[in-house]
Amino acid sequence: MIRPTDSLQLALRAITAHRLRSFLTLLGIAIGIAAVILLTSIGEGIHRFVLAEFTQFGTNVLSIAPGKTRTSGHLPTGIPTSVRPLTLDDARALAQLPHITGMTATVWGNTEVNANGRLRRTTVNGVSAEMLKVFSIKVRSGQFLPEEDSDSARAFIVLGAKLKDELFGTSNPLGARIRVGGLQFRVIGVLEAKGQFLGVDLDDAAYIPTARALELYNRDGIMKIDLSYEESVPAARVGALVTAMLKARHGREDFTITTQEDMLRTLSNILDVLTLAVGALGSISLLVGGVGIVTIMTIAVSERTGEIGLLVALGAPRRSILGLFLGEAIALSAVGGLLGLLLGIGLAQLIHLVLPALPVHTPLSFVVLAESIAVGIGLLAGVLPARRAARLDAVDALRAE
């Protein structure tokens, strides 16, 4: 029986005896692991970035849009259809439901904004006073739209951070008059910068009362109603309450409900598939590394036929010979995997330094999985050569020497 320490020494001696060959073999594994780590780090970084973009407005949000997507084929975009539109009365009724903590009825469009001698075309949103509560947005200066009866809402406007800079520069806009389309508004607040959301600049926008937006865009109904609800309450329960209320008011289910949980779950599944796809592309190079280990170990068995015959003649069990060559294959792949991890993580961080806008994240689970895959490839690649070595007849092996 060969002692474990002797087996380890024999395996290391065999690897270091042909340094260049061993290095080139583990380099194949290293490149494969580095490719997997690099691509999955970028994929996971994008995954987390996109989910963070969605959740910055809260996760306990439910949206209602006119039109039944499943039956009529209408997408909830707010485009006028033959279905009954959502109204401000609907929105007020939904705000009174149990577990609802905030409501905003939204109408939006693109129009010209004229102020301070400057003209700009931008998105003007009609929203309710509770929009800040629903979407976790903060005011930088002044105040947001006050709680007022929608039928007598005053002509107030709140500016996004970028729109304020475009129209007023460094000047204080509070109290200034702004012409939006054909209507006059007075500035009462400026929102904190939110940046971009999936390519849309959230700061290049203005916010007015919903009733004023209906007048501005000459619309009969609102485009969507967003509700925030208590975090401890399941989205399905809130959705059931909303459905019952609107069906009672409309007489039929002519609306579409979308929860933030549904969107995040679907988006997360899609991003998981994309991450796995890019990881699979990188793993192709791991197959090349596995073929390299098979080749090198086969050559090693041929070169060490005499050594194998001597070990068998001295009474070494077949399983010890098998373990010896499997150990060499696993050692090569394990070292190659560690080198690949260092290379992949280093490249990922370097890319992030060069391109800060590109999110990169390498979870510990990816690191453990990649190293396990490397060891597994070494084990599988070493089985055939190791079995061949273990089956050699001692007399034939010594005669070959």
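User: Leaving aside its neighbours within four places in sequence, which residues is Ile 351 in contact with?
Analyst: Contact means heavy atoms within 4.5 Å. Neighbours of Ile 351 within four places in sequence are left aside. The contacts of Ile 351 are then Leu 38 and Leu 358.

User: What pLDDT do side-chain atom pairs need in order to count?
Analyst: Residues are numbered from 1 along each chain as its sequence is written, and side-chain values use heavy atoms, with hydrogens and water left out. This is a predicted model: totals for chains, interfaces and linings use all residues, local features need pLDDT of at least 70, and side-chain atom pairs count only at pLDDT 80 or more.

User: Is Ile 351 buried, partly exposed or exposed?
Analyst: Ile 351 is found in helix α11 (residues 318-354). Buried means under 20% relative accessible area, exposed over 50%, and partly exposed in between (1.4 Å probe, protein chains only). Ile 351 has 26% relative accessibility, so the class is partly exposed.

User: How far apart in space are Ile 351 and Leu 38, C-alpha to C-alpha?
Analyst: In sequence, Ile 351 and Leu 38 are 313 residues apart. Their C-alpha atoms are separated in space by 9.5 Å.

User: How many helices and strands are in the chain?
Analyst: Both are DSSP runs, numbered from the N terminus: H or I of at least four residues for helices, E of at least two for strands. The chain then has 13 helices and 12 strands.

User: What share of the chain's contacts between residues at least 6 apart in sequence join residues at least 24 apart?
Analyst: The chain has 401 residues, and buried ones make up 46% of them. Take contacts between residues at least 6 apart in sequence. The share joining residues at least 24 apart is 79%.

User: At what angle do the axes of α4 and α8 cross?
Analyst: Two packed helices are described by the angle between their axes and the distance between the axes. Axes are lines fitted to C-alpha atoms, for helices over the stretch in contact, and angles run from 0 to 180 degrees between N-to-C directions. The axes of α4 (residues 88-95) and α8 (residues 235-250) come within 10 Å. They cross at roughly 145 degrees.

User: How do the residues of the contact of α4 with α8 divide into nonpolar, polar and charged?
Analyst: From α4 come Asp 89, Asp 90, Ala 93 and Leu 94; they meet Val 242, Met 245, Leu 246, Arg 249 and His 250 in α8. Ala, Val, Leu, Ile, Met, Phe, Trp, Tyr, Cys and Pro count as nonpolar, Asp, Glu, Lys and Arg as charged, and the others, Gly among them, as polar. The division is five nonpolar, one polar and three charged.

User: What is the relative accessibility of Asp 90?
Analyst: Asp 90 lies in helix α4. Beyond its neighbours within four places in sequence, Asp 90 is in contact with Pro 85, Ile 225, Leu 246, Arg 249 and His 250. Asp 90 counts as buried because its relative accessibility is 0%.

User: Why do the buried residues of α6 line one face of the helix?
Analyst: In α6 (residues 161-168) the buried residues are Ala 161, Leu 163, Lys 164, Leu 167 and Phe 168. The arc is that of the directions from the helix axis to the C-beta atoms. Seen down the axis of α6, the buried residues line one face because they fall within an arc of 160 degrees.

User: What is the phi of His 99?
Analyst: His 99 lies in the loop between α4 and β2. His 99 is partly exposed, with a relative accessible area of 25%. His 99 is not a glycine, yet its phi is positive, at about 75 degrees.

User: How far apart are the C-alpha atoms of Ser 232 and His 99?
Analyst: Ser 232 sits in the loop between β11 and α8. Its relative accessible area is 68%, so Ser 232 is exposed. Along the chain, Ser 232 and His 99 are 133 residues apart. Their C-alpha separation is 9.2 Å.
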